[in-house]
Amino acid sequence: MPTTATLPPPAPIQQLHHYAYRAKDAEETRRFYEDILGLPLYHIIQSDHVPSTGEYCPYTHFFFRLQDGSFIAFFDLGDDEAALPSPNTPKWVNHISFRVDTVEELENTKARLEAGGIEVLGVTDHHIFKSIYFFDPNGIRLELTAQLADEFEMLKESKTAHARLAEWTARKEQWRKERAEGKSAAPLKPQQNDRPEVVARAKA
């Protein structure tokens, strides 16, 4: 088996090319992403067999372009069925976040969404950025984010990320051991709370 030293280096991953989801209806999805969010419909692939697996499954695969040239894409499988939510995962966990340049643009998009009858949560302050949250017609949770921290602040944050994750991992290993011994049933809590104001609001 080859070792890391004998393997070629990893390819520099430049950016997200696309993220793909199942769509219940292509036109309903187009109206949301193009007419409300302003992402142009850019490319469509249609076939009755899946190129990667060869299986028979007719589809229309369609792509919306972001400003950096990446895409969010969807598959309409022609059956009017939406993807089912994960039964063991809260609805707020799995989501995709798009960046906008300013908080004003964030607020303007919130107004557009609400004018279209779409419920929006936020603006939420995450300290290094502000966000709004909403669902698309397929039940996918979306976030729009306006970055507040500059690249130097983010670089400073990056210098502690590995140590913090290593601490979490060590605590999780101990938690797994205690759970196996029947000493713990509750989920593991993080070693620190970066958003104490949220806890204060929840208890108010």
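1. At 7% relative accessibility, Phe63 counts as buried, where buried means under 20% relative accessible area, exposed over 50% and partly exposed in between, with a 1.4 Å probe and protein chains only. The model is predicted, so local features need pLDDT of at least 70 and side-chain atom pairs count only at pLDDT 80 or more, while totals for chains, interfaces and linings use all residues. Residues are numbered from 1 along each chain as its sequence is written, and side-chain values use heavy atoms, leaving out hydrogens and water.

2. The structure holds 12 aromatic pairs. Rings of Phe, Tyr and Trp (its six-membered ring) pair if their centres lie within 6.5 Å; planes under 30 degrees apart count as stacked, over 60 as edge-to-face and the rest as tilted. Phe32 and Tyr33 form an edge-to-face pair, because their ring centres are 5.0 Å apart and their planes stand at 75°. The pair of Phe63 and Phe71 is also edge-to-face, with centres 6.0 Å apart and planes at 85°.

3. Phe32 is buried at a relative accessible area of 5%, and Tyr33 is buried at 0%. Phe71 counts as buried too, at 14%. Ring pairs link a cluster whose members include Phe32, Tyr33, Phe62 and Phe134.

4. Two charged side chains sit over rings. Arg65 lies over the face of Tyr42, 5.3 Å from the ring centre, and the charged end of Lys91 is over the ring of Phe135, 5.5 Å from its centre. The criterion is NZ of Lys or CZ of Arg within 6 Å of the ring centre and within 35 degrees of the ring normal.

5. Four strands form an open sheet in the order β5-β8-β7-β6, with mixed pairing. β5 (95-100) and β6 (121-125) are the edge strands; each has a single partner, so one side of each lacks a neighbour in the sheet. Strands β7 (residues 129-135) and β8 (residues 141-147) pair in the antiparallel sense over seven bridges, and pairing requires that DSSP finds at least two bridges between two strands. Phe135 stands opposite Arg141 in β8.

6. Helices (H or I, at least four residues) and strands (E, at least two) are DSSP runs, numbered from the N terminus. Helix α3 (residues 151-180) contains Lys156, which is exposed at a relative accessible area of 66%. Lys156 and Val123 are 33 residues apart in sequence and 25 Å apart in space, C-alpha to C-alpha.
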